[in-house]
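Here are my notes for your first look at this model. Please keep the structure open while you read, and take the points in order.

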Amino acid sequence: MGGSKGRTFVVIGAGPAGLTAAYELCRAGHRPVVLEKEALVGGLARTEQYKGFRFDMGGHRFFTKAVEVDRMWHEVLGDQFLVRPRLSRIFFKQRFFQYPLKPLNALLGLGLVESLLTGLSYLRWQVSPYPREDTFEEWVTNRFGRRLFRTFFKTYTEKVWGIPCSELKAEWAAQRIKDLSFRSALVSMFVKPGRRITTLIEQFDYPRLGPGMMWETVRDSITGRGGEVQTECELERIERDGQHIRRAVVGVNGSRRSIEATDFISSMPITELVKRLDPPAPDDVLAAAGALRHRDFLTVCVIVDQPRLFPDNWIYVHDPSVQVGRIQNFKNWSPDMVPDDRKTSLGLEYFCNEGDELWTMADDELVALAQRELESIGLARGEDVEDGCVFRVPKSYPVYDSAYAEHLAVVREFVGSLQNLQTIGRNGLHRYDNQDHAMLTGMYAARNAVSGESNDLWAVNTEAEYHEQVSAERGRNLRRVEAQIRLGLAEVLGRIDRLALGAGTGVVLGLGLCLATLLIVAQGGEVVGRTLGLLSHYLPGYSVSVAGSFLGFGYGLMFGFLLGWLFALMRNAIMFLWFSVLRRRVERGFMRDLLEYI
């Protein structure tokens with residue numbers, strides 16, 4: 001899509017991906033038209049308001065390893081960012097556990113017996129893990145044991161996704177936890193990082209008025225540069241001639257508008273995009289799009305007549321006795337989210353499917369449910385909840401069920417054949433991306449169009465080069481160092497061939513005994529080889545003689561082979577265990593942040 005002269009652009013969707021694409025296009029001198037069906041911009045990262053209180057749909061930390069994303073954030077908001085300390089806990093079986101899990105805290109919370117059983121379960125699954133890791137359940141069990149999986153992962157994960165962990169694909173976890181082939185471990189063992197990178201565990205940036213502040217400022221920048229951001233605009237159809245998109249037809253305030261363009265960038269759900277094509281997509285593509293699923297959620301936002309409730313930014317609710325999945329304390333994200341310091345605002349997140357019992361429950365019933373569950377957990381008294389409202393967020397999480405990859409491949413192939421269309425973002429790629437990954441796809445799509453680059457948008461958040469906090473040159477240097485480390489380790493610590501070592505050791509030991517025997521025989525004397533002759537007590541038939549030298553060669557060959565074979569076997573086993581321990585250590589280090597991305 002190189003060469004931008006004379007091009008016009010329509011961007012569908014005003015979430016982080018779409019607005020970032022439009023922002024990049026404006027910087028390149030273009031005037032894109034952005035179409036958004038909601039009243040607010042920001043998509044899942046928007047900030048809703050109710051009676052002056054601000055509510056973040058999901059809790060969005062501004063932390064990234066992508067330098068260009070971080071640069072845009074601070075270019076847009078500058079000193080409007082707050083640096084926030086991060087604190088979150090897990091609520092399970094009427095107890096609070098620190099997250100990431102701390103051994104002593106977990107031990108005290110679980111109790112001695114349960115902790116012992118959890119440790120034994122971990123050892124059992126280290127000795128005999130699942131041979132294949134197709135599902136999330138198998139993936140976590142292999143790394144932590146079945147008991148810990150059931151304690152800290154099963155209930156919450158099934159709340160989020162609405163399907164059993166035995167049906168959720170393991171690649172959802174693998175996508176969040178990158179590079180399990182020792183790359184990070186090897187480089188960190190031998191190369192000292194140039195500077196310390198602050199992790200999500202410790203602190204993060206957050207806009208003073210919530211994430212919507214970022215995207216409202218980006219919207220204003222786009223319109224200030226001649227672009228257009230049309231909200232409350234429903235896309236009705238996308239007209240095409242063969243594989244070329246001609247125009248988008250939208251409904252705005254009861255009227256219809258047709259917008260022609262040379263290029264289209266879409267962050268709307270790819271499943272909905274395919275259904276709006278005119279002429280329609282082939283039947284197999286429509287069927288595949290219909291089979292792709294999303295998980296929805298709603299946030300019950302309540303105002304509590306208490307100045308302080310609990311210190312956490314958010315709490316994961318694993319306990320199955322309540323339906324809420326996560327609770328946000330917006331005052332702890334930013335004091336400016338709450339207009340009255342004497343009060344506290346909370347967001348209780350309920351994961352559901354559009355149209356189910358929770359989704360269709362009346363708002364006042366949902367507020368009453370949140371009130372009861374807050375009291376049940378012990379976070380607030382029911383009578384202190386003085387007001388509340390509900391915000392529903394459809395198509396929040398692309399579901400990684402057992403058949404999704406097959407269906408997505410069909411949709412992706414067809415959409416990829418449309419010559420002047422690029423899909424971006426979480427829903428445009430049907431991938432569970434973070435905000436910064438979605439922004440990267442928007443940046444790269446814009447650059448593909450205006451600069452002739454050929455960035456693979458589907459590779460963002462799947463390949464390591466999109467995640468390393470290094471310059472291109474430093475990245476190449478690290479890869480060279482990594483290759484040298486791998487080569488060195490392969491030479492020093494590589495697998496030893498048992499047969500080869502056994503045969504070599506046997507030949508050396510056999511020849512040694514044979515030559516020693518012949519040398520002593522050649523020396524002669526009254527008593528020949530008194531000391532060496534003691535071997536006859538252990539080697540039947542051996543004697544210090546010419547005939548004995550040949551028998552000694554046979555014995556040396558046999559025992560040397562056995563010694564070399566056993567040494568290679570033990571050494572290979574030790575190295576296998578060492579690498580297994582290292583692998584688990586690396587995985588646990590990444591696993592600590594797994595829940596961070598839900």
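**Notes on the predicted model**

1. Start with one side chain. Leucine 515 sits in helix α19. Is leucine 515 buried or exposed? Its relative accessible area is 56%. Exposed means over 50%, so leucine 515 counts as exposed.

2. A nonpolar surface patch of about 600 Å² includes Leu515.

3. Which helices supply the patch with at least two residues each? They are α19, spanning 498–523, and α20, spanning 546–591. Helix α19 gives the most, with 4 residues. Find both helices in the viewer.

4. Now take a contrasting residue. Arginine 426 belongs to helix α16, which covers residues 425–428. Its relative accessibility is 16%. The cut-off for buried is under 20%, so arginine 426 counts as buried.

5. What does arginine 426 touch, leaving out residues up to four places away in sequence? Its contacts are Leu44, Ser396, Tyr397, Pro398, Arg431, Tyr432, Asp433 and Ala438. Take alanine 438 as one of them. Arginine 426 and alanine 438 are 12 residues apart in sequence. In space, their C-alpha atoms are 6.1 Å apart.

6. Next, the strands. An open sheet is formed by 4 strands, in the order β12-β11-β10-β14. The pairing is mixed. Which strands are at the edges? They are β12 (255–260) and β14 (277–278), and each pairs on one side only.

7. Strand β10, residues 233–241, runs parallel to β14. The two are joined by 2 bridges. Glutamate 239 has aspartate 278 of β14 as its bridge partner. As background, strands of a sheet pair through backbone hydrogen bonds, either parallel or antiparallel.

8. Finally, check the confidence. This model is predicted. The chain's average pLDDT is 84, and 84% of the residues score at least 70. Residues 177–200 fall below 50, yet this stretch has 49 contacts in the model beyond near neighbours in sequence. Residues 463–476 are also below 50, with 29 such contacts. Where pLDDT is low, predicted coordinates should not be read in detail.

Definitions and conventions: Residues are numbered from 1 along each chain as its sequence is written. This is a predicted model: local features need pLDDT of at least 70, side-chain atom pairs count only at pLDDT 80 or more; totals for chains, interfaces and linings use all residues. Side-chain values use heavy atoms; hydrogens and water are left out. pLDDT is the predictor's confidence in each residue, from 0 to 100. Contact means heavy atoms within 4.5 Å. Two strands pair if DSSP finds at least two bridges between them. Patches are made of residues with over 30% relative accessible area and no salt bridge: like charges are joined within 9 Å, nonpolar side chains (Val, Leu, Ile, Met, Phe, Trp, Tyr) within 5 Å. Accessible areas come from the Shrake-Rupley method with a 1.4 Å probe; for residues, only the protein chains shown count as cover. A salt bridge is a side-chain nitrogen of Lys or Arg within 4 Å of a carboxyl oxygen of Asp or Glu. Buried means under 20% relative accessible area, exposed over 50%, partly exposed in between (1.4 Å probe, protein chains only).
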